[in-house]
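Subject: Structure for your review

Hello,

Here is the structure for you to look through. My notes on the fold follow below it.

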Amino acid sequence: MPKYVIEREIPDAEKLTAEQLKAISQTSCGVLHKLGSEIQWVHSYVTTDKIYCVYNAPNEEMIFEHARQGGFPANSVRRVATIIDPTTAE
């Protein structure tokens with residue numbers, strides 16, 4: 001299944017409390033449950049003013065539908081072409 005990186009612009013994202021992050025995660029998981037097993041949240045990175053999320057999904061449309069239903073921004077959605085890591089150098 002294709003993997004996507006989603007950039008979500010959220011001012012002061014780094015200042016979100018553990019409770020706020022929990023609530024956001026619960027909302028996301030609720031929408032994912034409604035959308036079915038075709039879309040999966042892998043993990044997210046919280047930075048100063050953005051959250052970068054990694055999802056598995058059959059297409060970009062499903063990523064945007066998740067964002068719409070959850071009330072999340074999806075400022076940029078990019079399909080991952082390949083993954084590299086230190087073992088790529090071997």
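Four strands form an open sheet in the order E2-E3-E1-E4, paired antiparallel. Strands (E, at least two residues) and helices (H or I, at least four) are DSSP runs numbered from the N terminus, and two strands pair if DSSP finds at least two bridges between them. The edge strands, each pairing on one side only, are E2 (40-46) and E4 (76-79). On average, neighbouring strands of the sheet are turned by 20° against each other, direction ignored.

This is a predicted model, in which local features need pLDDT of at least 70 and side-chain atom pairs count only at pLDDT 80 or more, while totals for chains, interfaces and linings use all residues. Residues are numbered from 1 along each chain as its sequence is written, and side-chain values use heavy atoms, with hydrogens and water left out.

E1 (residues 3-9) pairs with E4 over four antiparallel bridges; Tyr4 has Arg79 in E4 as its bridge partner.

Helix H1 (residues 18-35) lies across E2 and E3 (50-56), at about 155° to E2. Helix H2 (residues 60-70) lies across E1, E3 and E4, at about 35° to E1. Axes are lines fitted to C-alpha atoms, for helices over the stretch in contact (heavy atoms within 4.5 Å), and angles run from 0 to 180 degrees between N-to-C directions.

Beyond four places in sequence, Ile63 touches residues including Tyr4, Ile6 and Val77.

Regards
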